[in-house]
Amino acid sequence: LGEYVRIAQMLKAKGDRISLKAAAVAYDRAYSLAPDQTDICSERKAVLDALAIERHGMLFRYIPAGSFLMGSDQGAEAEAPPHRVYTDEYWLAETPISWAAFCAALEWPEPPTLEKSDFKDETKLFSVYNANKIRLQYCEDETTKAIGWHAHEPESIWERDGKQVQGSEIFGRPPRTNPDSPYRYGQKPMVAISLEDVNRLSRKLSTANNWYGLPSEAEWEKAARGGLINAPFPWGAAPAENRCDMDRVGTFSIAPS
(Lines give C-alpha, C1' and ligand atoms only; values in the text may rest on other atoms or scores of the structure.)
Protein backbone atom coordinates (compact mmCIF):
# COMPACT_ATOMS: atom_id res chain seq x y z
CA LEU A 1 0.00 0.00 0.00
CA GLY A 2 2.71 2.45 0.98
CA GLU A 3 4.62 1.82 -2.25
CA TYR A 4 1.53 2.51 -4.37
CA VAL A 5 0.97 5.79 -2.52
CA ARG A 6 4.62 6.82 -2.86
CA ILE A 7 4.62 6.15 -6.61
CA ALA A 8 1.29 7.95 -7.05
CA GLN A 9 2.48 11.04 -5.18
CA MET A 10 5.74 11.14 -7.15
CA LEU A 11 3.88 10.95 -10.47
CA LYS A 12 1.27 13.50 -9.38
CA ALA A 13 4.01 15.97 -8.48
CA LYS A 14 5.28 15.96 -12.07
CA GLY A 15 1.98 17.50 -13.12
CA ASP A 16 1.95 16.56 -16.83
CA ARG A 17 -1.00 14.63 -18.22
CA ILE A 18 0.85 11.36 -18.88
CA SER A 19 2.17 11.33 -15.31
CA LEU A 20 -1.30 12.10 -13.95
CA LYS A 21 -2.73 9.11 -15.81
CA ALA A 22 -0.04 6.85 -14.32
CA ALA A 23 -0.72 8.36 -10.89
CA ALA A 24 -4.41 7.50 -11.30
CA VAL A 25 -3.50 3.84 -11.86
CA ALA A 26 -1.37 3.79 -8.69
CA TYR A 27 -4.04 5.57 -6.65
CA ASP A 28 -6.64 3.08 -7.88
CA ARG A 29 -4.52 0.23 -6.52
CA ALA A 30 -4.00 2.01 -3.20
CA TYR A 31 -7.69 2.87 -2.90
CA SER A 32 -8.77 -0.72 -3.58
CA LEU A 33 -6.60 -1.84 -0.65
CA ALA A 34 -7.59 0.96 1.74
CA PRO A 35 -10.84 2.64 0.64
CA ASP A 36 -11.43 4.09 4.12
CA GLN A 37 -8.22 6.12 4.28
CA THR A 38 -9.35 9.70 3.73
CA ASP A 39 -5.97 10.97 2.50
CA ILE A 40 -5.85 8.35 -0.27
CA CYS A 41 -9.49 9.09 -1.19
CA SER A 42 -8.93 12.83 -1.46
CA GLU A 43 -5.65 12.55 -3.40
CA ARG A 44 -7.17 10.02 -5.81
CA LYS A 45 -10.22 12.25 -6.31
CA ALA A 46 -8.01 15.27 -7.10
CA VAL A 47 -6.15 13.34 -9.81
CA LEU A 48 -9.32 11.93 -11.36
CA ASP A 49 -10.97 15.38 -11.31
CA ALA A 50 -7.95 16.82 -13.13
CA LEU A 51 -8.29 14.16 -15.86
CA ALA A 52 -12.04 14.69 -16.41
CA ILE A 53 -12.97 16.35 -19.69
CA GLU A 54 -16.08 18.19 -20.91
CA ARG A 55 -17.28 17.49 -24.43
CA HIS A 56 -20.58 18.15 -26.20
CA GLY A 57 -22.14 19.51 -23.01
CA MET A 58 -21.31 16.36 -21.04
CA LEU A 59 -18.70 15.67 -18.35
CA PHE A 60 -16.63 12.54 -18.97
CA ARG A 61 -14.81 10.86 -16.07
CA TYR A 62 -11.42 9.21 -16.53
CA ILE A 63 -11.21 5.46 -15.87
CA PRO A 64 -7.55 4.41 -15.50
CA ALA A 65 -6.08 1.47 -17.39
CA GLY A 66 -5.65 -1.69 -15.37
CA SER A 67 -7.30 -4.90 -14.28
CA PHE A 68 -10.24 -5.47 -11.95
CA LEU A 69 -12.27 -8.41 -10.65
CA MET A 70 -15.34 -8.75 -12.85
CA GLY A 71 -18.35 -10.87 -11.94
CA SER A 72 -19.69 -12.24 -8.67
CA ASP A 73 -20.49 -15.47 -6.86
CA GLN A 74 -23.50 -13.79 -5.25
CA GLY A 75 -25.41 -12.71 -8.36
CA ALA A 76 -26.82 -14.46 -11.40
CA GLU A 77 -25.21 -17.72 -12.51
CA ALA A 78 -23.80 -16.05 -15.63
CA GLU A 79 -21.83 -13.61 -13.46
CA ALA A 80 -19.76 -16.35 -11.78
CA PRO A 81 -16.95 -16.85 -11.11
CA PRO A 82 -15.21 -13.53 -10.40
CA HIS A 83 -12.35 -13.19 -12.86
CA ARG A 84 -9.63 -10.68 -13.62
CA VAL A 85 -10.25 -8.45 -16.65
CA TYR A 86 -7.95 -5.78 -18.05
CA THR A 87 -9.20 -2.62 -19.75
CA ASP A 88 -7.30 0.20 -21.40
CA GLU A 89 -7.97 3.76 -20.26
CA TYR A 90 -11.27 5.34 -21.28
CA TRP A 91 -13.64 8.13 -20.31
CA LEU A 92 -17.24 7.50 -19.28
CA ALA A 93 -19.98 10.12 -19.14
CA GLU A 94 -20.65 11.06 -15.52
CA THR A 95 -24.41 10.68 -16.02
CA PRO A 96 -26.69 9.21 -18.70
CA ILE A 97 -27.23 11.60 -21.59
CA SER A 98 -30.22 13.90 -21.24
CA TRP A 99 -32.81 14.51 -23.94
CA ALA A 100 -31.59 18.09 -24.40
CA ALA A 101 -27.93 17.02 -24.78
CA PHE A 102 -28.90 14.24 -27.21
CA CYS A 103 -30.84 16.64 -29.42
CA ALA A 104 -28.06 19.24 -29.29
CA ALA A 105 -25.43 16.69 -30.29
CA LEU A 106 -27.48 15.45 -33.25
CA GLU A 107 -28.73 18.93 -34.18
CA TRP A 108 -32.32 17.79 -33.81
CA PRO A 109 -35.15 20.23 -33.02
CA GLU A 110 -35.19 21.12 -29.33
CA PRO A 111 -37.55 18.94 -27.27
CA PRO A 112 -40.40 18.45 -26.94
CA THR A 113 -40.93 18.02 -30.65
CA LEU A 114 -44.37 16.59 -31.28
CA GLU A 115 -44.98 18.31 -34.59
CA LYS A 116 -44.34 16.18 -37.63
CA SER A 117 -43.53 19.27 -39.66
CA ASP A 118 -40.37 19.79 -37.56
CA PHE A 119 -38.73 16.77 -39.20
CA LYS A 120 -37.46 17.20 -42.71
CA ASP A 121 -35.91 13.71 -42.82
CA GLU A 122 -38.78 11.35 -43.64
CA THR A 123 -36.65 8.26 -42.75
CA LYS A 124 -36.65 9.15 -39.04
CA LEU A 125 -39.97 10.96 -38.84
CA PHE A 126 -42.06 8.06 -37.55
CA SER A 127 -39.63 6.69 -34.97
CA VAL A 128 -38.59 10.05 -33.55
CA TYR A 129 -42.08 11.53 -33.56
CA ASN A 130 -43.53 8.58 -31.64
CA ALA A 131 -40.58 8.04 -29.31
CA ASN A 132 -40.83 11.71 -28.31
CA LYS A 133 -44.32 11.01 -26.95
CA ILE A 134 -42.76 8.55 -24.51
CA ARG A 135 -39.89 10.90 -23.63
CA LEU A 136 -42.28 13.73 -22.85
CA GLN A 137 -43.77 11.55 -20.10
CA TYR A 138 -40.46 11.05 -18.28
CA CYS A 139 -37.62 13.35 -19.33
CA GLU A 140 -38.77 16.87 -18.43
CA ASP A 141 -36.95 18.28 -15.40
CA GLU A 142 -40.08 19.00 -13.31
CA THR A 143 -42.29 16.12 -14.46
CA THR A 144 -43.45 14.15 -11.42
CA LYS A 145 -44.81 11.03 -13.14
CA ALA A 146 -46.02 9.68 -16.45
CA ILE A 147 -49.76 9.79 -17.07
CA GLY A 148 -49.99 6.02 -17.45
CA TRP A 149 -48.48 2.91 -18.93
CA HIS A 150 -50.95 3.02 -21.83
CA ALA A 151 -48.46 5.34 -23.53
CA HIS A 152 -46.08 2.41 -23.92
CA GLU A 153 -48.55 0.47 -26.06
CA PRO A 154 -49.55 3.00 -28.74
CA GLU A 155 -51.34 0.43 -30.93
CA SER A 156 -53.51 -1.03 -28.16
CA ILE A 157 -57.19 -0.11 -27.85
CA TRP A 158 -58.47 1.38 -24.58
CA GLU A 159 -61.71 2.92 -23.34
CA ARG A 160 -61.81 6.57 -22.31
CA ASP A 161 -64.96 8.58 -21.62
CA GLY A 162 -67.06 5.74 -22.99
CA LYS A 163 -65.17 5.68 -26.30
CA GLN A 164 -62.55 3.32 -27.66
CA VAL A 165 -59.23 5.03 -28.34
CA GLN A 166 -55.74 3.95 -29.26
CA GLY A 167 -52.95 4.06 -26.70
CA SER A 168 -51.21 6.62 -28.88
CA GLU A 169 -53.99 9.08 -28.02
CA ILE A 170 -53.59 8.69 -24.24
CA PHE A 171 -50.45 10.76 -23.89
CA GLY A 172 -51.12 14.37 -23.07
CA ARG A 173 -48.96 16.54 -20.82
CA PRO A 174 -47.82 14.88 -17.56
CA PRO A 175 -48.14 16.62 -14.16
CA ARG A 176 -45.26 18.89 -13.12
CA THR A 177 -43.90 20.34 -9.87
CA ASN A 178 -44.34 23.85 -11.23
CA PRO A 179 -46.81 23.90 -14.13
CA ASP A 180 -45.97 27.51 -15.04
CA SER A 181 -42.19 27.10 -15.33
CA PRO A 182 -40.49 26.71 -18.72
CA TYR A 183 -40.05 23.17 -19.99
CA ARG A 184 -36.45 21.95 -19.65
CA TYR A 185 -34.89 18.58 -20.42
CA GLY A 186 -31.35 18.67 -19.05
CA GLN A 187 -31.52 16.84 -15.71
CA LYS A 188 -33.05 13.41 -16.36
CA PRO A 189 -31.83 10.54 -18.55
CA MET A 190 -33.27 10.28 -22.04
CA VAL A 191 -35.47 7.22 -22.62
CA ALA A 192 -36.76 5.30 -25.65
CA ILE A 193 -33.36 5.19 -27.35
CA SER A 194 -32.94 2.61 -30.10
CA LEU A 195 -29.65 1.06 -31.16
CA GLU A 196 -30.05 3.02 -34.39
CA ASP A 197 -30.16 6.25 -32.36
CA VAL A 198 -27.04 5.22 -30.44
CA ASN A 199 -25.15 4.47 -33.64
CA ARG A 200 -26.33 7.75 -35.16
CA LEU A 201 -24.98 9.65 -32.15
CA SER A 202 -21.70 7.69 -32.26
CA ARG A 203 -21.15 8.54 -35.92
CA LYS A 204 -21.96 12.19 -35.31
CA LEU A 205 -19.54 12.67 -32.39
CA SER A 206 -16.67 10.38 -33.33
CA THR A 207 -13.55 11.63 -35.09
CA ALA A 208 -10.39 9.99 -36.37
CA ASN A 209 -8.80 10.42 -32.92
CA ASN A 210 -11.77 10.02 -30.59
CA TRP A 211 -14.46 7.34 -30.70
CA TYR A 212 -17.77 7.72 -28.88
CA GLY A 213 -20.06 4.77 -28.21
CA LEU A 214 -21.61 2.52 -25.60
CA PRO A 215 -19.23 1.04 -23.00
CA SER A 216 -18.59 -2.68 -23.08
CA GLU A 217 -19.95 -4.78 -20.22
CA ALA A 218 -16.47 -4.86 -18.66
CA GLU A 219 -16.00 -1.10 -19.01
CA TRP A 220 -19.37 -0.41 -17.45
CA GLU A 221 -18.80 -2.79 -14.51
CA LYS A 222 -15.30 -1.47 -13.83
CA ALA A 223 -16.54 2.12 -13.68
CA ALA A 224 -19.65 1.22 -11.66
CA ARG A 225 -17.56 -0.49 -8.97
CA GLY A 226 -15.88 2.82 -8.27
CA GLY A 227 -12.49 1.24 -7.59
CA LEU A 228 -13.76 -1.13 -4.88
CA ILE A 229 -13.16 -4.89 -4.83
CA ASN A 230 -16.00 -7.37 -4.25
CA ALA A 231 -18.53 -4.60 -3.56
CA PRO A 232 -21.79 -4.60 -5.54
CA PHE A 233 -22.10 -0.79 -5.37
CA PRO A 234 -19.46 1.97 -5.33
CA TRP A 235 -20.71 3.11 -1.90
CA GLY A 236 -20.91 -0.37 -0.32
CA ALA A 237 -23.17 -3.36 -0.07
CA ALA A 238 -26.76 -2.09 -0.21
CA PRO A 239 -28.70 0.10 -2.66
CA ALA A 240 -29.87 3.44 -1.33
CA GLU A 241 -32.59 5.74 -2.66
CA ASN A 242 -30.41 8.83 -2.20
CA ARG A 243 -27.68 7.30 -4.39
CA CYS A 244 -29.55 5.54 -7.20
CA ASP A 245 -32.87 5.52 -9.02
CA MET A 246 -34.92 2.63 -7.62
CA ASP A 247 -38.47 1.51 -6.75
CA ARG A 248 -40.12 3.77 -9.32
CA VAL A 249 -41.97 1.24 -11.46
CA GLY A 250 -45.24 1.90 -9.65
CA THR A 251 -44.94 5.67 -9.95
CA PHE A 252 -43.87 5.76 -13.63
CA SER A 253 -41.17 8.32 -12.92
CA ILE A 254 -37.45 8.89 -13.29
CA ALA A 255 -35.17 10.70 -10.84
CA PRO A 256 -32.71 13.35 -11.98
CA SER A 257 -29.30 11.89 -12.89
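Predicted model: local features only at pLDDT ≥ 70, side-chain atom pairs only at ≥ 80, totals over all residues.
Which residues in the largest nonpolar core touch the most other members?

1. Residues are numbered from 1 along each chain as its sequence is written, and side-chain values use heavy atoms, with hydrogens and water left out.

2. The largest nonpolar core has 24 residues, and Ile97, Trp99, Phe102, Trp108, Tyr138, Val191 and Leu201 touch the most other members. Such a core is a set of buried Ala, Val, Leu, Ile, Met, Phe, Trp, Tyr and Cys residues joined through side-chain atoms within 4.5 Å; buried means under 20% relative accessible area (1.4 Å probe, protein chains only).

3. Strand E2 (58-63) and helices H4 (99-106), H5 (122-138) and H6 (195-205) each give two or more residues to this core. H4 gives the most, with six residues. Helices (H or I, at least four residues) and strands (E, at least two) are DSSP runs, numbered from the N terminus.

4. Do look at Phe102: leaving aside residues up to four places away in sequence, Phe102 touches Ile97, Trp108, Met190, Asp197 and Leu201. Contact means heavy atoms within 4.5 Å.

5. Where H4 meets H6, Phe102, Ala105 and Leu106 face Asp197, Arg200, Leu201, Lys204 and Leu205. By class, this contact has five nonpolar, no polar and three charged residues, with Ala, Val, Leu, Ile, Met, Phe, Trp, Tyr, Cys and Pro counted as nonpolar, Asp, Glu, Lys and Arg as charged, and the others, Gly among them, as polar.

Definitions and conventions:
Buried < 20%, exposed > 50% of the residue type's maximum accessible area, 1.4 Å probe, protein only.
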